[in-house]
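Hi everyone, thanks for coming. Let me put today's protein up on the screen and walk you through it.

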Amino acid sequence: MKTFLIVLLILPLLTSCASGPSKGQLDDEVKRLCAIDGGIKVYETVRLPAKNFETKGWGSSEISIPNKKYVKPTSKYYYESSTIHLIKGSPSLSKYHYKIYRQSDNKLLGETISYARIGGDMPGPWHHSSFMCPENSDLARRIFIKHDGE
């Protein structure tokens, strides 16, 4: 019985160590890929009156931008996003691409590409760890600038 319990306790450790790349290897790959094409690119900034921004938690304000799937004729801007799962499982490696457009002329205002490793931890009731590059990729805050005038 003791041997069975020991095997049950050690089995998750052995399987997590023996399967695929490690968290450290994928974190290095995230850094490498991010250095190639990751980050934020702003092609045009837009000054908007403060009334166009919604106040969110902790006093921050944001502009609401719909997904292209749900854009209305009255919407001035929309976003598109895509996710590519480069490595599935635990740990996993994904590429995220997010773009904001002006609807009137479909002009790309900016885009961000980020990479993330999720998981690779010992199995358990806790949340998976993650590593992402770039860490702060809030594209909308860089494109839309709040000003007090109309």
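So, how many helices and strands does the secondary structure of the protein come to? We have 3 helices and 9 strands, where helices (H or I, at least four residues) and strands (E, at least two) are DSSP runs numbered from the N terminus. Please keep in mind that this is a predicted model, where local features need pLDDT of at least 70, side-chain atom pairs count only at pLDDT 80 or more, and totals for chains, interfaces and linings use all residues. Residues are numbered from 1 along each chain as its sequence is written, and side-chain values use heavy atoms, with hydrogens and water left out.

From the N terminus, the order is α-α-β-β-β-β-β-β-β-β-α-β. Of the 150 residues, 30% are buried, meaning under 20% relative accessible area, with exposed over 50% and partly exposed in between (1.4 Å probe, protein chains only).

Now to the inside. The largest nonpolar core has 13 residues; such a core is a set of buried Ala, Val, Leu, Ile, Met, Phe, Trp, Tyr and Cys residues joined through side-chain atoms within 4.5 Å. Ile65, Ile100 and Phe144 touch the most other members. Helix 3 gives the largest share of this core, 3 residues. Setting aside neighbours within four places in sequence, Ile65 has contacts (heavy atoms within 4.5 Å) with Tyr77, Tyr78, Tyr79, Ile100, Ala140 and Phe144. Another core, of 8 residues, lies apart and includes Val30 and Cys133.

Finally, Lys41 sits in strand 1 (residues 39–42). Lys41 counts as partly exposed because its relative accessibility is 41%. Its C-alpha atom is 5.4 Å from that of Glu111, 70 residues apart along the chain.
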